[in-house]
Amino acid sequence: MLEYLGPISEGIAATVTITALAFVLGSILGLPLLAASRSPWLPVRALARFLIDLLRAVPPIVWLFILFFGLAQSLVSLDAYPAAVIGFGCISAAYMAEIYRAGLLAVRRQQWEAGAALGLNRLQVLRTIVGPQAIRVVIPGAATWAIALLKETAVVSVIGVSDVTFLATSESQRSGDGLLIFLLAGGIYILMSLPLALVARWTDARLHRAVAL
Amino acid sequence: MPDRLVPMEPEPDTGAVPAGRDQRPAGGREMVRLEGVSKELGGHQAVRDVSLTLEAGKVMSIIGPSGAGKSTLLRCVNFLAPPDSGSVFVDGVEVCADRRPGLEPRASELAELRRRVGMVFQNFELFPHLSVLRNVTLAQERVLKRDRADAERRARELLERVGLADKADAFPAQCSGGQQQRVAIARALALDPHLMLFDEPTSALDPELGAEVLSVMRLLAEEGMTMMIVTHEMHFAEQVSDSVVVMHEGAVLEEGPPEVVFKRPVHERTRRFLNAVLDR
Ligand SMILES: Nc1ncnc2c1ncn2[C@@H]1O[C@H](COP(=O)(O)OP(=O)(O)OP(=O)(O)O)[C@@H](O)[C@H]1O
Ligand SMILES: [Mg+2]
């Protein structure tokens, strides 16, 4: 068993870093995307909504093929690893924009008014009043997405990134012991997502206690 | 320890006793003037061409049936609900309403207006993620640029005066409704407003808890704060106000001193409304 575990676990680095980079990229890009989707200017709003829906509607594997085999090979040369990060980063941005939006909507409209009545401008209200309350809803949603993302990244193996799934596939082809190898790979995915789930539970409980709406 | 909610105005003091309703000098300075204020909400004319004035230090109660536009009118005063037309003048600042893109009041005008006006909501609207003390200091620091120590000093003074010195470190959820509303009053007063707006401040409270809030408001009135109060507490309105405005279908139906409006209303509609609320 250990003879398989060694080679497969070499893929952990790729799986974890692609997940982490895509998540960070998405968390950042999700903000302007959210702002655009709430823009008072209709064309901007429509374009942002279209992007958000499009990114989520098309399966990640299709985006990866478009990026890696389509764009990358014709326009710029893009390696499999950065293609994976960019692809999943953009998909994450769409999901995060929706998660941020749900967070904002969870805060009573009257909290904006209470802030405005005190003379705070919109950015100040967002930073000091609405944002901190929205986080309570954003964190569990973001953690759920991060765990989903971790599993979704398995498709990067099809464009040749040496992640856990890619190495498990080649190891099973080499040895023929597919069942055991993929059970091991499954166990590795569970172990990787466990800390995420724990962090989500813990911060959620803490925030609930602090905010107690 | 100051024993006032409102910083002393540089006007002649009548001594240790706070100036009561009756001792107030007549013919004071104009504090609020609404001219032709109208506001449509969802295809419904919520406020129709309302013009009102209120002198400094006076208390105006706004009464009327549900849906009459009382809340909307109050929200027009500080542009939480920007009027479609008309103008709002508060303490030397005049903002003309215009909803046309590009012609709307500038953010700086609104900031000037809101700096003079404090508002208390029916459902308190404290910030649930912040302690009581932080609720009262936040805007002092961000809007008035007071430093943390000054803001906390002022906040503790005000909390003491509304009877909540021991709640400074509690969170809103740990306070009763009456306590939360008194914190909300302290939060608004911390910015030294010249006009206070109250939208049914006791409607969400049991009578007992409402009484705590009303006594703080009475204190404020005695100290000479200019106030516009939307209320269903007719007894309080009668005792505390200098003028009573009756609204109906977005317009002012009747306005006058409480003795007149409550005892000898001119309009049949006012009489019916008062009968309905007083003879329950
Ligand atoms: N966001 C909105 N969209 C559409 N109509 C609204 C909106 N807000 C208020 N209205 C309508 O405007 C009218 C005035 O409402 P407003 O809340 O000012 O009345 P009110 O006198 O404060 O009533 P209440 O005593 O029930 O608080 C009502 O008919 C109400 O239905
Ligand atoms: Mg109302």
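These legends describe close-up views of a predicted model. Residues are numbered from 1 along each chain as its sequence is written, with chains lettered from A and ligands numbered from 1 in the order in which they are written. Local features need pLDDT of at least 70, side-chain atom pairs count only at pLDDT 80 or more, totals for chains, interfaces and linings use all residues, and side-chain values use heavy atoms, without hydrogens and water.

**View 1. The shell around ligand 1.** Among the 14 residues around ligand 1, the nearest are Ser66(B), Gly67(B), Lys70(B), Ser71(B) and Thr72(B). A residue counts if one of its heavy atoms lies within 4 Å. The side chain of Thr72(B) has an N or O atom 2.5 Å from an oxygen atom of ligand 1. For Glu200(B), a polar side-chain atom lies 3.3 Å from a ligand 1 oxygen atom. The protein covers 61% of the 630 Å² of accessible area that ligand 1 has on its own (Shrake-Rupley method, 1.4 Å probe). α1(B) gives the most to this shell, with three residues. Helices are DSSP runs of H or I, at least four residues, numbered from the N terminus.

**View 2. The kink in α7(A).** A kink of about 50 degrees lies at Val130(A), shortly before Pro132(A). The bend is the angle between axes fitted to the seven residues ending there and the seven starting there.

**View 3. Arg154(B) in helix α4.** Arg154(B) sits in α4 of chain B, residues 148–161. Arg154(B) is buried, at 12% relative accessible area (buried means under 20%, with a 1.4 Å probe and protein chains only). Its contacts (heavy atoms within 4.5 Å) include Leu5(B), Gln140(B) and Asp192(B).

Note on methods
Helices (H or I, at least four residues) and strands (E, at least two) are DSSP runs, numbered from the N terminus. Buried means under 20% relative accessible area, exposed over 50%, partly exposed in between (1.4 Å probe, protein chains only). A polar contact is a pair of N or O atoms within 3.5 Å; within protein, one must be able to donate a hydrogen and the other to accept it, and residues adjacent in sequence count only if both atoms are side-chain atoms. Lists of a residue's contacts leave out its neighbours within four places in sequence.
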